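Me: I've got a two-chain model open and I'd like to talk through how the chains meet. Can you walk me through it?

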Amino acid sequence: MSSHAACGAREGEPEALLQVRDLAVHYVGAGGEEAAVLEEASFDLAVGETLGVLGESGGGKSTLALAVLGLLPPNGRVTAGRVSFHGRDLLRLSRRDLDQVRGDEASMIFQEPGVSLNPCMRAGDQVADVARVHRRWPAKRCREEARAMLELVGFDDSDGVFGAYPHQLSGGQKQRVVIAQALVCRPALLIADEPTASLDATTQAEIVALLRDLRQRLGLAMLFVSHDVALLHSLVDRMIVMYAGQIVESGSRDQVVLKPSHPYTRELLRCVPGGAEKGVGPGRPRLPTILGSPPDPARWPPGCRFEPRCPDRLESCGARRPEPRPAGDAGTVRCLLYDD
Amino acid sequence: MRWIARRLLHGLLLLLGVSVLTFAFTEIAPGDYFDEMRLDPRISAETVEALRSRYGLDRPLHERYLRWLGSVLRGEFGHSFAYHTSVGSLLWVRARNTLLLTGLATGLAWLIAVPLGAWAAASKRRWVRALFGGGTSLLLAIPDILLALLFLLLAVRTGWFPVGGMASLDYPSFDAWGKVKDLVHHFALPVTAMTLATLPVLVRHVHASMSEVLRSPFLLSARGFGIPPRRLLFRYALPVAANPLISLFGHSVGSLLSASLLIEVVLSWPGIGPLLLESILARDVHVVIGAVLMSTVLLIVGNLLADVLLYAADPRIRVES
C-alpha cells in the first residue's frame, strides 16, 4: 500500500504503530453488577494504515475505541490487556503522561460534532488551544498553526471560521473544526468513532473525502469505527467485525466484505440496502434483518455469542466457546464452523 | 449601548414606582414618629400638632410625596426626625459601612465558592462528595442570626475579638500599621460570619452548574485532545457553567445592602441594619424609604451588571441587533 511507503521508518516489516492485545473492559451498572462489554480484543495497526471497526450498536466498537485512549466513562474499567503505542503501554500511563499522548501523538473524534466543541470558545481558539497545550508555543504561533490547519481541513475563509462560535457553524463545518483540533499537532494516529453518522449524506461524503485526503498528506493511521459497510469498504485497508464484545472476524476489506467467513458478517452484509434485494418501495421485498436481538452484556450466551441468532449453528455452538483462528489472507475468524 | 440606556430608563421608572409604593405602605402602617410624644403628659397636644405641621405630616399624602420628591432632587432624600439631618447624608455613611462588610464578605465567598464547587463537582472521591454535601447542608441549615450569635459568644468568651464597632475609639491616634491591624481585628468576625452565611448557597449553585456541564460530550472530546484536568475544569467547563452563576452574582450584588441586616444588628456593626431597625420602630419614615430605595438601586445595578456580564461571557445569547 502506498501510504506505508511514505512512512517506512525502519527496515524490515512495516512497524506496528498500535498493538492491542487481549483488551477487556467491564462496565459497572448502577446496582454494582459488572458487564464484560469487551473481551479478548487483539489487533495491529501499522503506520499509515486504516483499520475499520464494523458492527451493530452495542457490539463494543465504541468501547474499544475509547479504551485505547483511556477515555472510558467513570463506570468503565479495563480489566485486562495491553495497548502498546509507539512502544509504550497506554494502559499503564499516568493521567499526565496520557494527556501528553492524547492530542499530540494520537487523537480521537466523535460522532456528534454538534456537541464536541466548547460552545463558549471561538472555533479557532479551540484548535489553537490544543497546539498551545502540547507545543507550548507563543499564542501568536498557535493561532497561525490553527489557521493553517483550518485551511488544510478545507475552509477557504479560515479567518471567518476562526472567529466563529460553534453555534454559528453547520454540522459539517463543526466536524471539520474538530478534525482540525485533532490533527493540529500532526498525530500519527486518528481514532474516529462514527464521525459521519450524524451528518447528512452529502456532508458525510465530503468528510470522508477529507479524511482520505488528510490520511494521504499526513501519513495518518486511522482506526475508523462505523456501522456502515459501504463507507468502510471505500475507506479502510483492513477491517475487524465486532459482535457482542468480541472481534468475530478480521481481514482485508475485500476479504471481509466480498468473502465473509463469519455467519454474523454474512448476515450483516445481507442487511445492507442495495445488496441482494434492491429497493424498499411498496410491493418490493422488505429489507432483510438479522433475527432476534443482540444479547445482554450482563448475560452472554455460554458458547458462541452469536449462536442464538445464527442461521448456520451446529449442535456444539451453544456450549463451546469458539477461539479466533486464522482465515483467508492474514485474517481471523471466531467460529466453530472453521474448527476441525 | 442603546440597550443599556433603555435599561437605565426602565430602572428609573422602577425606582419611581417603588418610592410611591413604599410611601403608600408606610402610610398604611398606623401612627407616626410623634405618636410617642402624645403619651408624654408633659408635652401638650398643641405642641405635637405644631411639630407635625412643621414637618408637613398634616398634609395629604400626594403633597408629602411631591415634597419628598423635591428633596430627592436636591440630594437630601427627605429628613430624619430622629437624627435631625438629611436622610441622604445619614444613609450614605451607614451604607458605606455596610457595603464595606458585605462587599468584602461576598467577594470572599465567591472566591471560595467557585474553586471549591468546581473541585467538588469534578471529584470522584466518595468522601469529598459526602463532606461537601454534609458541610453545605449544615451551613445552610444554620440561620444567619444563630451564626452571628455564635460569633458574638466567641468574641465575648475569648476576648480575642472586639464585640462590636468598626474601629477602636482611639483609631485616629494609631500609626498606619496600627490602623490596619485594628481594622482587621474589627472586620474579622463580621466578615467571617457574613461569608459563612452566603457561602453555602453560592457553592451549591457552582457545584450543581458544574456537575451538569462536566457531563457534556465536549469535555470528553477535549480530554481526547490531551487538555489537562485543571485547564479542562476552569478554562473549558467553567465558562459554560457560568451562565446561571452570573445571574446569581447579579443577585448577590443586588442584596449587598440587605444581606447583612441581622448580622449587623447582632454584632453591632455601624451599618444600615441597626439604623433601619431603629427607624422602623420609631417610624422615622424617610429613613426607611431611603434605605428601601438604595436597595432597589443596588438590585437594578446588580441585574444590569449580570446582563452585561452574561452578554460578555456567553456567545450563545448574543443577539444580532
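Me: Which residues meet in a salt bridge, N to O at 2.4 Å?
Reply: Keep in mind that this is a predicted model, where local features need pLDDT of at least 70, side-chain atom pairs count only at pLDDT 80 or more, and totals for chains, interfaces and linings use all residues. Residues are numbered from 1 along each chain as written, chains are lettered from A in the order written, and side-chain values use heavy atoms, without hydrogens or water. A salt bridge here is a side-chain nitrogen of Lys or Arg within 4 Å of a carboxyl oxygen of Asp or Glu, and the rule finds one across the interface of chain A and chain B. The pair is Arg231(B) and Asp129(A).

Me: What area is buried between chain A and chain B?
Reply: Buried area is the accessible area (1.4 Å probe) that two parts lose on being put together, summed over both. Carbon and sulfur atoms give 60% of it. The value is about 2300 Å².

Me: What is the mean pLDDT of chain A?
Reply: pLDDT is the predictor's confidence in each residue, from 0 to 100. In chain A, 91% of residues reach 70 or more, though residues 1-13 are below 50. The mean is 87.

Note on methods. Contact = heavy atoms within 4.5 Å.
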